[in-house]
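Let's take a walk through this structure together, with an eye on its charged side chains. Have a look around first, and then read on.

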Amino acid sequence: MITPRATRLIRVPDLATCRRVVLGLCADGSVAAIRRRAVIVPSQAAAEQVRRSLEACAFGSGQLAVVVPHLLTRDEWMDRLEEGRAGSRGVVSRLEREVLLGVAARSAIDAGAVPPFTIRPGLVSEMLAFYDGLRRHMRSIDAFERVVVEELSRAVDSDRGAVRMLDQTRFLVAAFRDYEAPDFDLLTRLPGLNRLDVVATEAVLASGFEQRVRVWLPEIADVKETADGAAPPRLVAPPASETELFWRYRDREEELAATIRRIKRAGRLAPHVALSRTAV
């Protein structure tokens, strides 16, 4: 049975407003509600940044403790769902999936779909990420093959690169078909989920994400947030000059050392600016 739920697309004009909205959603409701909430972020670094921001907001307002929801990457979220499922027998780990896809890739080569490159472990990992992206966007392997092969076939007579891309596409299709297993649209079928909020900037929505999210969640409601009105962060730049509009350094190490010296010098000139407000 699918639990009735509220599904909202929260539109924000910029990243600063996005941060405020996400932090507000994280801290909304009772302690019990927050502890049952999952916030899906792109990386563990993003999770740590959200955690620090929540702590800073709470301690800055005089709170002695802060309740943090589950801050999870997509893979971590899937693992938690499986751990909490009654009668769970475990799922295939990402490493095991990479091994399976590696076997499928070798099977595709043996069957004649030879790629224009050497198969390496790191490449198999990227193939798996690409496959997951296709399935999350509800694109079948047949549709992927049809669109890409049709486009590249027009240029094979005049473009050597198109020939390599065509061979690569045929290899990927063969490997994915050998590997393919069903991917479930968990967010639309998951029991016990009472509310689903998707927070995205207008720029991301305009890039095609809004069209896709309305296919995934056809009954999603629009919520529009306004900008905070605060001045956006300024990017420090060299003094204006008609000839030198950038810094020159020998290598990355020298560039980073010079950047650190510049930050220290700026801190001495403006001690009221917190180091935590500085980013490289």
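This is a predicted model: local features need pLDDT of at least 70, side-chain atom pairs count only at pLDDT 80 or more; totals for chains, interfaces and linings use all residues.

Start with Arg-52, which makes a salt bridge with Glu-48, their closest N and O atoms being 3.3 Å apart. By salt bridge we mean a side-chain nitrogen of Lys or Arg within 4 Å of a carboxyl oxygen of Asp or Glu. Both Arg-52 and Glu-48 sit in helix α3 (residues 44–60), four residues apart, about one turn of the helix. Helices here are DSSP runs (H or I, at least four residues), strands are too (E, at least two), and both are numbered from the N terminus. Arg-52 is exposed, with a relative accessible area of 54%, while Glu-48 is partly exposed at 35%.

Residues are numbered from 1 along each chain as its sequence is written, and side-chain values use heavy atoms, leaving out hydrogens and water.

Searching the whole structure turns up 13 salt bridges. One of them pairs Arg-11 with Glu-202, with the closest N and O atoms 3.2 Å apart. Arg-11 belongs to strand β1 (residues 6–12) and Glu-202 to helix α10 (residues 202–216), so this pair ties together parts that are 191 residues apart in sequence. Arg-11 counts as buried, at 12% relative accessibility, whereas Glu-202 is partly exposed at 25%.

Arg-214 is partly exposed, at 30% relative accessibility, and Glu-210 is buried, at 19%. Salt bridges with shared partners link Arg-11, Glu-202, Glu-210, Arg-214 and Asp-222 into one network.

What about a charged residue without such a partner? Arg-262, in helix α11, is buried yet has no salt bridge, and the nearest side chain of opposite charge, Glu-255, is 7.6 Å away. Setting aside neighbours within four places in sequence, Arg-262 is in contact (heavy atoms within 4.5 Å) with Trp-247 and Tyr-249.

Terms used:
Buried means under 20% relative accessible area, exposed over 50%, partly exposed in between (1.4 Å probe, protein chains only). Lys and Arg count as positive and Asp and Glu as negative; His and the chain ends are not counted.
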